[in-house]
Amino acid sequence: MISADDDHFRDECGVFGVFNHPEAANLAYLGLYALQHRGQESAGIVSVEDRILHTSRGRGLVADVFKKSDMDRLKGRRAIGHVRYSTSGGSCSSRNQQPLVVDTYQGGIAIAHNGNLVDAIDQRKSLEHRGSIFQSTMDTEVIVHLAALSRRPEFHDRLVDALSQVKGAYALLAMDAQCIIGVRDPYGLRPLVLGRIGENGWVLSSETCALDLIEAEFVRDINPGEMLVITDKGLQSFTPFPVKKRHFCIFEYIYFARPDSTLDGVNIYETRKKIGASLAKESPVAADLVVPVPDSGVPSALGYAQEAGLPFELGIIRNHYVGRTFIEPQQQIRHFGVKIKLNANRELFKGKRVVLVDDSIVRGTTSKKIVNMVRAAGAKEIHMRISSPPTTHPCFYGIDTPTRHELLAARQSLEEMCRFIAADSLAFISLEGLYEAVGGQGQGYCDACFSGSYPIPSPETSQGLQLSLLEELE
Ligand code: SF4
C-alpha cells in the first residue's frame, strides 16, 4: 500500500505478451522491464512449448525475480508476462502473483490482468457456492473459474462467456496451447496496444514504451471491448461485448504511464507539457523559477515554465538508488524523512520565489515535507501548482488509492490544503484545463477520482456516493 513518503496513486499492473518469436520469454522479460513503473511487487512470465506451460514468478523487481536458470526454462515461441502492484487481492504472496496458471479439462491456461473487477466479491461467493475452490485472493481468478465453467469448445469463447458475466476494468492477456488473446473491457479503462515483431511475430503491451525497447513496430491500440485472438493462422478481431461509451483512465496521462509512451493516440510527454502550460495560464504567479517535484512533475513543470516565460531549474534532486529494501533509520534519526529520496539544491533556492510543480496531492503528507524542505533550503516564497484536479474520490478500477476520508482534497478546502502543506499559494489544474490538454471531453475519459462520476457503479461506489451525500447533508 502507499507509504507516507510516496504519496501517489499507484498503478496496479502491467501486461506484456509475445506471439511467434524464438526468444519469446526473453522479449517478455525486456517488455516487463520497460513496464516496471506499473508494478514493483511481483513479476511473472509464462511460456508455452509443445502444449506445456512453463512458469516463473516471484516477488520483487523484474531484474531480481528472473535468474538465468529461470529464463532457460521458459522455452517456446509464445509468452505472456505481468508486473504487479497489489490492490485487489492484497499481498503479493506467491499465490497472488501473475500470470495465473491453471489446468482445465481442456488444457492449461495462463492469464495476466491489469485492472479490477468491481463485483469480484459477489462473483467469488457465488462461485464458491457452486463448488469452485479458489487458490488466490485475486479478482482475476474469478475470470478463470467462470471460463472453466463454460462449455463452449474454443478458449476465446469461454473467455467471452466469463468476461460477459463480470463488471469492471481489464486489459487482459490470456494464453493456452494454441493462442494468445488480448482483450480490453468495453469502457477501455486500462490501456493495451498491439505491435509487430519480425516476420510473423506479434506483441501485446500495456504501453508503447515496451515496444520501443524490443524494437517492435507499433500497430494500434486495442479498442475498448475488442478481443484479439492470435493463432498460427493469424490475427482475428472480435467485438463480443455490448458497446459502452469509452472511459479511458485520464490519470494515465497525468501520472501512471511513462512519458515516452503514446496511448490511444495521445503522447504522454507532450500531454503533460500541455497540462503544465494550461496550469500556467489558469494560475499564474510572480516568481523567479519553476522547479518540478521529480520525476513525475518534470514534463508539466517544463510546460509551466515555457508558458510563463520563467527559468526551469532542477532544484530538487532525486536519489534513484533508494530501493524497496531500504532500511528505516532508528527512531532518533527518523527526521531525515523525505530527504532520503529527495534533496533541495540550496544554491538555487536562496531568497527565491519558487513555483513547485507536482502531479497530484493524495494525502498531502509528502507535499508538506517537500515544501518544508524547500523553505529550509532558503526559498522566500513557495507556490505549489498541481497538474491534476483535486483528488477527491478513490479509484475502483485497478489503482491503489487510500479511502475517501484519507484524501486531503475530500476533506479540506483549497485554503485549508494550502495551510496544511505550508505553501504560500496552491492551485490545481481545472478539469476543463485537463480536458483541453488531452484533446477534449468528447474523447471519452474516466475522471471519477476528480469528479466522483464513476462509469461502472460498484457496491463501494454506491456506498461512497451515499457517504458523500450524507457528508453534504451534514
Ligand atoms: S477513477 Fe481515476 S485513477 Fe481510476 S480509472 Fe478513473 S481516472 Fe483512472
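Residues are numbered from 1 along each chain as its sequence is written, and side-chain values use heavy atoms, with hydrogens and water left out. In this predicted model, local features need pLDDT of at least 70, side-chain atom pairs count only at pLDDT 80 or more, and totals for chains, interfaces and linings use all residues.

Student: Where does the ligand sit?
Tutor: A cavity is a set of points on a 1 Å grid over the protein atoms alone where a 1.4 Å probe fits but cannot get out. A molecule sits in one if more than half of its atoms lie within 2 Å of its grid points. By that test the ligand is placed in the largest cavity.

Student: Which elements give two or more residues to the shell around the ligand?
Tutor: A residue is near a molecule if one of its heavy atoms lies within 4 Å of it. The residues around the ligand include Cys-249, Phe-251, Phe-256, Cys-395, Cys-446, Ala-448 and Cys-449. Helices are DSSP runs (H or I, at least four residues) and strands are runs of E (at least two), numbered from the N terminus. The elements asked for are helix 8 (251–256) and helix 16 (448–451).

Student: How many salt bridges does the structure hold?
Tutor: Side chains of opposite charge can pair when their charged atoms come close. The criterion is a side-chain nitrogen of Lys or Arg within 4 Å of a carboxyl oxygen of Asp or Glu. The count for this structure is 17.

Student: Which helix holds both Glu-128 and Arg-124?
Tutor: The side chains of these two residues, Glu-128 and Arg-124, form a salt bridge with an N to O distance of 3.5 Å. They are four residues apart, about one turn of the helix. Both lie in helix 4 (residues 120–129).

Student: Is Asp-157 buried or exposed?
Tutor: Buried means under 20% relative accessible area, exposed over 50%, and partly exposed in between (1.4 Å probe, protein chains only). Asp-157 pairs with Arg-152 in a salt bridge, the closest N and O atoms being 3.5 Å apart. Arg-152 is partly exposed at 35% relative accessibility. Asp-157 has a relative accessible area of 18%, so this residue is buried.

Student: How many residues apart in sequence are the parts that Arg-353 and Asp-288 tie together?
Tutor: The side chains of Arg-353 and Asp-288 meet in a salt bridge at 2.9 Å, N to O. Arg-353 lies in strand 21 (residues 353–358), while Asp-288 is in the loop between helix 9 (268–282) and strand 18 (289–292), so the parts they tie together are separated in sequence by 65 residues.

Student: Which residues make the nonpolar surface patch of about 270 Å²?
Tutor: Patch residues have over 30% relative accessible area and no salt bridge; nonpolar side chains (Val, Leu, Ile, Met, Phe, Trp, Tyr) are joined within 5 Å, and like charges within 9 Å. Areas come from the Shrake-Rupley method with a 1.4 Å probe. Tyr-33, in helix 1 (residues 24–34), is partly exposed at 44%. The patch is made by Leu-30, Tyr-33 and Leu-213.

Student: What is omega for the cis peptide bond from Pro-294 to Asp-295?
Tutor: Asp-295 is in the loop between strand 18 and helix 10 (298–308). Another cis bond runs from Gln-98 to Pro-99, with omega near 0 degrees, and Pro-99 is in the loop between strand 5 (78–84) and strand 6 (100–104). For Pro-294 to Asp-295, omega is near -5 degrees.

Student: What is phi of Asp-50, a residue other than glycine?
Tutor: Asp-50 lies in the loop between strand 3 (42–49) and strand 4 (52–59), and counts as exposed at 67% relative accessibility. Asn-20 also has a positive phi, near 65 degrees, and is in the loop between strand 2 (13–19) and helix 1. Phi of Asp-50 is near 50 degrees.

Notes
1 Å grid on protein atoms, 1.4 Å probe; cavity = no way out; pocket = protein on both sides within 12 Å on 5 of 7 lines; lining within 4 Å.
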